[in-house]
Amino acid sequence: EEKKKDKEPKAEKPKEEKPKEEKKKDKEPKAEKPKEEKPKEEKKKDKKKDEDEEEDDDGVPKEEKKPNPLDALPKSPFQLDEFKREYSNKPVDVSSEYLYKNFDPEGYTAWWCTYKYNEENTVVFRTTNLIGGFYQRMERMHKYAFGQMLVVGEDKKHEIVGFWLIRGKEIPAHMIEEVPDTELYDWVKIDWSAVESVKPKIKAMLAWEAVDGKPCLDGKTFK
C-alpha cells in the first residue's frame with residue numbers, strides 16, 4: 001500500500017485580531033470651584049494699584065504736593081484770574097482800569113523789581129532768557145501772582161525791570177526759598193494809597209512801552 005499521504009495540515013484560521021482596547025480617555029479634571037478671594041489679598045492688590053498710580057511713567061514716585069501757605073490767608077475780593085483774563089483779552093486802558101477799581105491792598109501787594117546785575121546785560125536774547133528761567137521756577141506761584149518783566153534800554157546796555165501783583169503783604173517766604181532768582185532782584189513795595197502817581201509807569205509796563213525814558217526791547221508776562 002502506498003504510504004498514506006501525509007495529511008495536509010489544516011489551514012489555520014486567521015487569528016482574529018482582538019480590537020485594541022482604546023486607551024481609556026483621560027479623565028477630564030473636575031472643574032474647580034473658583035477660589036474665593038480673601039479680603040487680605042484684595043487689600044494687597046489695591047495697595048499695589050495705588051502704588052502704581054503714584055508713580056510716573058519712569059517709575060519714580062510722584063512728590064506729594066505741599067500745601068501753599070497763601071491758601072490760608074483770608075479771602076480777598078480781588079479776583080486775580082479775572083484781571084489776567086482782562087489783560088489777555090482787552091486793551092491795556094481797559095484792563096488797567098479794572099485793576100485800579102478792584103485791587104485789594106489788604107489781600108495783595110504791588111511791587112517794582114529791578115535786576116541787581118544789569119551792568120552784565122549785553123545781549124538782549126540772553127537777558128530775556130534770564131526772565132524765562134525765573135518764570136519756570138515760579139511754577140507754584142501762577143495762582144497767586146501776576147508779573148510783567150521788561151528788558152529796557154539799548155541793545156548792548158539794558159536793564160530788567162518788573163511790575164508784580166502778589167498775594168499777601170510781603171514777598172512769600174516759600175517763593176524766596178523755592179526760587180533763588182527772587183534774590184537777584186531788588187523789590188520795592190508800591191504804596192497803593194498813592195497809586196495815582198505811578199499809573200503812567202504801570203500802564204507803560206503793561207503795554208510794553210518805554211519805562212523811565214528807556215525803550216522796551218523785549219519782555220515776558222507771568223500769568
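Which residue lies over the face of Y108? R167 does, at 5.2 Å from the ring centre. The model is predicted. By the ring-pair rule, the count comes to 21 aromatic pairs. A search of the whole structure also finds eleven salt bridges. Selected contacts follow, by topic.

**Aromatic pair W112 and F163**

- The ring centres of W112 and F163 are 5.6 Å apart.
- Their planes meet at 50°, so the pair is tilted.
- W112 has a relative accessible area of 13%, so it counts as buried. The cut-off for buried is under 20%.
- F163 is also buried, because its relative accessibility is 0%.

**Aromatic pair W164 and F222**

- W164 and F222 form another tilted pair, with 5.4 Å centre to centre and 40° between the planes.
- Strand β3 holds W164, while strand β5 (residues 216-222) holds F222. The two residues are 58 apart, and the pair links distant parts of the chain.
- W164 is buried, with a relative accessible area of 0%.
- F222 is buried too, at 1%.

**Aromatic cluster**

- Ring pairs join W111, Y115, Y117, F134, Y135, W164, Y185, W187 and F222 into a cluster.
- W164 and F222, the tilted pair above, are both members of this cluster.

**Charges over rings**

- R167 sits over the face of Y108, 5.2 Å from the ring centre.
- K201 lies over the face of W112, at 4.3 Å from the ring centre.

**Salt bridge K203 and D93**

- The side chains of K203 and D93 meet in a salt bridge, at 3.2 Å from N to O.
- K203 is in helix α6 (residues 199-207) and D93 is in helix α3 (residues 92-102). The pair links distant parts of the chain, 110 residues apart.
- K203 is partly exposed, with a relative accessible area of 34%.
- D93 is partly exposed as well, at 47%.

**Salt bridge E178 and R140**

- E178 and R140 form a salt bridge through their side chains, at 2.4 Å from N to O.
- E178 lies in helix α5 (residues 173-178). R140 lies in the loop between α4 (124-137) and β2 (145-154).
- These residues are 38 apart, and the pair links distant parts of the chain.
- E178 is partly exposed, with a relative accessible area of 36%. R140 is partly exposed at 31%.

**Salt bridge K201 and D212**

- K201 forms a salt bridge with D212, and the closest N and O atoms are 3.6 Å apart.
- K201 lies in helix α6 and D212 in the loop between α6 and β5, so the pair ties together parts that are eleven residues apart in sequence.
- K201 counts as partly exposed, because its relative accessibility is 28%.
- D212 is exposed, with a relative accessible area of 63%. The cut-off for exposed is over 50%.

Terms used
Residues numbered from 1 in each chain as written. Predicted model: local features only at pLDDT ≥ 70, side-chain atom pairs only at ≥ 80, totals over all residues. Heavy atoms only, no water. Phe/Tyr/Trp six-rings, centres within 6.5 Å; stacked < 30°, edge-to-face > 60°. Buried < 20%, exposed > 50% of the residue type's maximum accessible area, 1.4 Å probe, protein only. Helix = DSSP H or I, 4+ residues; strand = E, 2+ residues; numbered from the N terminus. Lys NZ or Arg CZ within 6 Å of the ring centre and 35° of its normal. Salt bridge = Lys/Arg side-chain N within 4 Å of Asp/Glu carboxyl O.
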